[in-house]
Amino acid sequence: MKVLFSNPPWYKEATPETPGWRGVRAGSRWPHTFQVHSHTVVDGIIQEHIGGYLPFPVWLATGAAYAKREGFETVIRDSLSMGETFDSFYQFIKESRPDFIVIESSTPTVKTDLKIVSRIKTLLPDVKVAFTGLHTEFEDETFLEQNPVIDFTIYGEYETTVIQLLCALRDDRSLEDIPALIYRDNGKIHRNEAEKESEQEVSETIEVSQVKKNDYGRLPDLSTMPWAEREGLPNLNYFDGVCGLERPQLQLMATRGCPYGCIFCAWPQMLFRSPRYRMRTTDDVIEEIKANLEKVPYKSIYIDDDTVNINKKFVLELAAKMKSSGIGNRIPWSTMGRADLMDRQTLEALKDAGLFSIKYGVESAEQGILDEIDKRMNAEKNIEMIKLTSELGIRVHLTFTFGLPSDTAETIENTIDMACGLPADTVQFSIATPFPGTEMYRLYDEKGWIVSKDWDDYNGSTVAVSRTENFTAKELEAYVKEAYRRFDQAQVERAFPAEEVTIKLKQTLSHLNKGDSVVVMQSSRVHLTRWIITSLAKLGLDVHVLTPVRFKDEFSPVLSEDKIHAFSGNSHFLCDMLKPELDVLRSDINFKGAFIPYTFENRDGYQEVESVASYLAGNITAGVSRRGQIFSYNS
């Protein structure tokens, strides 16, 4: 049996007039989309879809490892991380001809995924397909009844169920004892009828299909599970930047589960279906890291756990082995945990072991709101540990959520103020998304706050699918935009005190004279670009900006219209695509230098921006990072 584990394409093509988007599905706690402004296909790969946040499909990859270990001819294909087109994906299906396909679907992708399977079955009518993933309908028998193109659904944490199903099908065994499986039991009955005219008795056999649902069963011991399969995957593409980590990045999990009860958190409620917290052995984690470092030149590591620091003993042991193995000293790493569970001993051990950054979920400044969403978090301890983390030199990413049940204008304003005042390197402001299957969805549905039950809308990013007693969906969307604006402004004000950075910037201008024309790339947060523009203007330079068209209006307060050069069609500063526009600009203006705002000082992923700057101005004068570091290219 040839088995394909698939994370199929999910995107909308951009046109010159309308932006498109790319999505992330498998491996993501919140399947969602990112806006994309151009669409360049080379050999079946969409160039603009590679880069940025791309989670490793750990569930699919572990299932594939199980199947490979059991002797199945196994292929795993992550079309999203490849940037694969639909046409390329279907061509692969035609050529590889799998017998069985496992697709990790989700609420916002389920409609697309059903269309994909319908197309697959026109190509391979006999192929069997199982749906898994974050979608509440997958644990309801009616889903199979309504969608005959799907043969099986598996609900919850699915890897062990998949391998039991594959073995049962291979060995022609019953499916009735396989946990968390929903399937069609095709039985046969005999019916006798009498013909009306002759009264002759006629016997016939009729096939009947009854959908059956098996109980969930127990979560497996992590020590019995194989390492995730990575052969054949685009391992150089997986990436979660977390405050400046570099790519390529090794992503893995050391623990699974969380004993806390956050009403919005989908994995504990829908995949683990339990507050149980499970740990691998730290030796096994270290050995997996070492084995993968020998195969791929990873530049960073991300341990993508729900809450890595539930067990202090485990964290201290992991830190000690990251250090003793030499991994932490060679490669920066990051993880996700709870700030209020940290203490100085743990943080110092993690820093000593090379921890570069950490994600903390904060959600709200209000203790009462944290209590009502069952976060069970101490808000004061949270703030104390965030500050200590930063003081110890560990970078911090914080997440906040607007539209929680008792949120008011005052509580959201307080949360934004707190976010702006905390020493965070990066933040994420989200709209509360009551994912179907979670307690939040049940609560909001009961209150009549769900404004959309179109599954396509549940993409977990900037579109609100619910309201609250105090806010409309549109008001929540506006708060997210305002929060990012204020945080970016506060971060620039912290990173660039009055004279210090300006003096350093002035030192990079030795080859320039007052009145010389220079160009600044809009390649990071708008407030950083605006700071560079105003600082250079104060030093007597003729400053211009090159920006994707969607940011054009952001620069009207600091530049005249003729000095704002906006390009459409892409947002990635792809040099070859921009050359016709750049040639026109070069013929009109003799730029003596270019300045690049960098998100992080490692300048990872900026090759195309640097190419555009060099082509346009002949040289790059300086770069400035969001943390206030200046890079002189002329010294």
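Modeller: Contact means heavy atoms within 4.5 Å. The model is a predicted one.

The part I take is the meeting of helix H8, residues 282-293, with helix H9, residues 312-324. The axes of H8 and H9 come within 9 Å and cross at roughly 35°. The crossing of H8 and H9 is right-handed. On the H8 side the residues are Thr282, Asp283, Val285, Ile286 and Ile289, and on the H9 side they are Phe314, Glu317, Leu318, Lys321 and Met322. Six of the residues in this contact are nonpolar, one is polar and three are charged.

Is Ser334 buried or exposed? Ser334 is buried because its relative accessible area is 0%, and buried means under 20%. Beyond its neighbours within four places in sequence, Ser334 is in contact with Val242, Leu245, Ile301, Tyr302, Ile303, Leu355, Ser357 and Ile358.

Next come two places where the backbone calls for a remark. The peptide bond from Arg247 to Pro248 is cis, with omega near 0°. Pro248 is in the loop that runs between strand S12 (201-213) and strand S13 (249-252). Asp43 is not a glycine, yet has a positive phi of about 55°. The loop that holds Asp43 lies between strand S5 (41-42) and strand S6 (45-46). Asp43 is exposed, at 75% relative accessibility.

A positive phi also occurs at Arg603, where the value is about 60° although Arg603 is not a glycine. Arg603 sits in the loop between strand S24 (591-598) and helix H20 (607-617). With a relative accessible area of 29%, Arg603 is partly exposed. The charged end of Arg603 sits over the ring of Phe631, at 4.0 Å from the ring's centre. Another charge over a ring is that of Lys213, which lies over the face of Tyr155 at 5.0 Å from the ring centre.

Strand S24 itself contains Lys592. Lys592 is partly exposed, with a relative accessibility of 37%. What does Lys592 touch, once residues up to four places away in sequence are set aside? Lys592 touches His511, Leu512, Asp516, Ser517, Ala617 and Asn619. Gly618 is 26 residues away from Lys592 in sequence, while their C-alpha atoms are 7.4 Å apart in space.

Arg525 is in the loop between strand S21 (517-521) and helix H18 (526-538). The relative accessible area of Arg525 is 32%, so Arg525 counts as partly exposed. Arg525 and Pro597 are separated by 72 residues in sequence, but their C-alpha atoms are 8.0 Å apart. With neighbours within four places in sequence left out, Arg525 is in contact with Tyr484, Asp488 and Arg626.

Tyr484 leads on to the aromatic residues. Tyr484 is part of one aromatic cluster together with Phe400, Phe402, Phe429, Phe471 and Tyr479. The structure as a whole holds 26 aromatic pairs. Such a pair of rings is described by the distance of the centres and the angle of the planes.

Conventions: Residues are numbered from 1 along each chain as its sequence is written. This is a predicted model: local features need pLDDT of at least 70, side-chain atom pairs count only at pLDDT 80 or more; totals for chains, interfaces and linings use all residues. Side-chain values use heavy atoms; hydrogens and water are left out. Axes are lines fitted to C-alpha atoms, for helices over the stretch in contact, and angles run from 0 to 180 degrees between N-to-C directions. Helices (H or I, at least four residues) and strands (E, at least two) are DSSP runs, numbered from the N terminus. A crossing is left-handed if the near helix is turned anticlockwise from the far one by less than a right angle, and right-handed if clockwise. Ala, Val, Leu, Ile, Met, Phe, Trp, Tyr, Cys and Pro count as nonpolar, Asp, Glu, Lys and Arg as charged, and the others, Gly among them, as polar. Rings of Phe, Tyr and Trp (its six-membered ring) pair if their centres lie within 6.5 Å; planes under 30 degrees apart count as stacked, over 60 as edge-to-face and the rest as tilted. A charge sits over a ring if NZ of Lys or CZ of Arg is within 6 Å of the ring centre and within 35 degrees of the ring normal. Buried means under 20% relative accessible area, exposed over 50%, partly exposed in between (1.4 Å probe, protein chains only).
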